[in-house]
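Keep the sequence and the coordinates in view while reading.

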Amino acid sequence: MGEVDTAFIQEPEHRPKLSPNQAEGIPIIDLSPITNHAVSDPSAIENLVKEIESACKEWGFFQVTNHGVPLTLRQNIEKASRLFFEQTQEEKKKVSRDEKSTTGYYDTEHTKNVRDWKEVFDFLAKDPTFIPVTSDEHDDRVTHWTNVSPEYPPNFRDIMEEYIQEVEKLSFKLLELIALSLGLEAKRFEEFFMKDQTSFIRLNHYPPCPYPHLALGVGRHKDGGALTVLAQDEVGGLEVKRKADQEWIRVKPTPDAYIINVGDLIQVWSNDAYESVEHRVMVNSEKERFSIPFFFNPAHDIEVKPLEELTNEHNPSKYRPYKWGKFLVHRKGSNFKKQNVENIQIYHYKIT
Ligand SMILES: O=C(O)CCC(=O)C(=O)O
Ligand SMILES: [Fe+2]
């Protein structure tokens, strides 16, 4: 990743400002009403649900503290990530992703057809994960993806699995709070995830970049899944497009907190009551940065459409149904290498 390569250069209108606006406004939500089992106070939970509702409406993003994920597990995975990426390219490429098997290491991801200044390692929450063979809607064949695990650092697989178990628990709790905040039953979304899941965790490493005014760690995008639960380190670089004025706002790192964002699936299920918000990652010329998003995704065979409870004759469904697995396969294929067309987006299913 040394020399200036035009594949990384953003169009002028998408280049970052080097002194970004810092977000004061992104809400920090204390989850202790649901994680501290010593006290169970219905009014505290009600208030929590209200906080979630306004964060989802105003930002599509929030941070959570007292989230119940043990700090030692997070420290273990952060350390494993550093050790893995510190290795030579040759070592890392032994566990490379390719076009068919979507797990493992790669450094060529493109977002909106511009290469991202980063290297990643993807690891599935469920091994195997069932998934359509192609994104063609007439092709009913199903295959499975499996994990690869590097030899170094030792116990890599165990560290990943232990961490995933805990962030998955947190994700289910967040989904309950989001369901309640939409006036739904707490477990309304659970059926989409219980039988099967396509969730995965990603280790992101953003090396120092000699031209941070031209390139991005991750170009502007929306997350396609249900929820993202992100651990970022103290360096910072994540920017969120503020709904109020469309300005890019930097998310200030809060030690040990998680950054949560609502993905496209919640936007569709809620019939646009909540929106999946655009975000991107800036790099910097001195410091490397690490982050670990967990993408909480349902089973491949679910049909995604606005929930009946949230549509009526005055608020008719805004989306045609689509199959989640087809969407995911399409995205994975188009992120892997540069294409000449835009990759799949939920607005392609919008009823106009
Ligand atoms: O590294 C980050 O802060 C966010 C990464 C991200 O948005 C993504 O991988 O989808
Ligand atoms: Fe993202």
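Beyond its neighbours within four places in sequence, Phe8 is in contact with Val114, Arg115, Trp117 and Ala215. Contact here means that two C-beta atoms, placed from the backbone, lie within 7 Å. Phe8 sits in the segment before strand 1 (21–22). Phe8 counts as partly exposed because it has 19 C-beta neighbours inside 10 Å. The cut-offs are these: a residue with 20 or more other C-beta atoms within 10 Å of its own is buried, one with 12 or fewer is exposed, and one in between is partly exposed; C-beta atoms are placed from the backbone. Phe8 and Glu53 are 45 residues apart in sequence, and their C-alpha atoms are 37 Å apart in space.

The model is predicted: local features need pLDDT of at least 70, side-chain atom pairs count only at pLDDT 80 or more, and totals for chains, interfaces and linings use all residues. Residues are numbered from 1 along each chain as its sequence is written, while chains are lettered from A and ligands numbered from 1 in the order in which they are written. Helices (H or I, at least four residues) and strands (E, at least two) are DSSP runs, numbered from the N terminus.

**Helices**

The expected span is 1.5 Å times one less than the number of residues.

| Helix | Residues in helix | End-to-end C-alpha distance | Expected span |
|---|---|---|---|
| Helix 2 (42–58) | 17 residues | 24 Å | 24 Å |
| Helix 3 (71–85) | 15 residues | 21 Å | 21 Å |

Which residues of helix 2 are buried? They are Leu48, Val49, Ile52, Ala55 and Cys56. They cover an arc of only 130° around the axis, which puts them on the same side of helix 2. The arc is that of the directions from the helix axis to the C-beta atoms. An α-helix has 3.6 residues a turn, so residues three or four places apart point the same way. The face turned away from the buried side of helix 2 carries the exposed residues Ser43, Glu46, Asn47 and Lys50. Cover for the buried residues of helix 2 includes strand 2 (28–30), helix 1 (32–35), strand 3 (61–65), helix 5 (156–181) and strand 15 (258–262). Just past helix 2, Gly60 has a positive phi of about 75°.

In helix 3, the buried residues are Ile77, Ala80, Ser81 and Phe84. They span an arc of only 100° around the axis, which puts them on the same side of helix 3. Exposed residues Leu71, Thr72, Gln75 and Lys79 are on the face of helix 3 turned away from its buried side. Strand 7 (119–124), helix 5, strand 10 and strand 17 are among the elements that cover the buried residues of helix 3.

Just after helix 5, Gly183 takes a positive phi of about 80°.

**Loops and backbone**

Where does Pro128 lie? It is in the loop between strand 7 and strand 8 (129–132). A cis peptide bond joins Asp127 to Pro128, with omega about 5°. Tyr152 and Pro153 are also joined by a cis peptide bond, with omega about -5°. Pro153 is in the loop between strand 9 (142–145) and helix 5.

Asn113 is not a glycine, yet its phi is positive, near 65°. Asn113 lies in the loop between strand 5 (110–111) and strand 6 (114–115). With 16 C-beta neighbours inside 10 Å, Asn113 counts as partly exposed. Asp272, again not a glycine, has a positive phi of about 75°. Its loop runs between helix 7 (264–269) and strand 16. Asp272 is partly exposed, with 14 other C-beta atoms within 10 Å.

**Ligand 1 and the annotated span**

Around ligand 1 are Arg202, Asn204, Val218, Asp223, Leu230, Gln232, Leu238, His279, Val281, Ser291 and Pro293. Each has its C-beta atom, placed from the backbone, within 6 Å of the ligand. Strand 10 (200–206), strand 12 (227–232), strand 16 (279–281) and strand 17 (289–296) each supply at least two residues of this shell.

The UniProt annotation "domain: Fe2OG dioxygenase", from an unreviewed entry, covers residues 197–298. The end C-alpha atoms of that span lie 5 Å apart, and the span is 6% helix and 39% strand.

Note on methods: UniProt positions are given in the numbering used here, feature names are shortened, and annotations may be inferred rather than shown by experiment.
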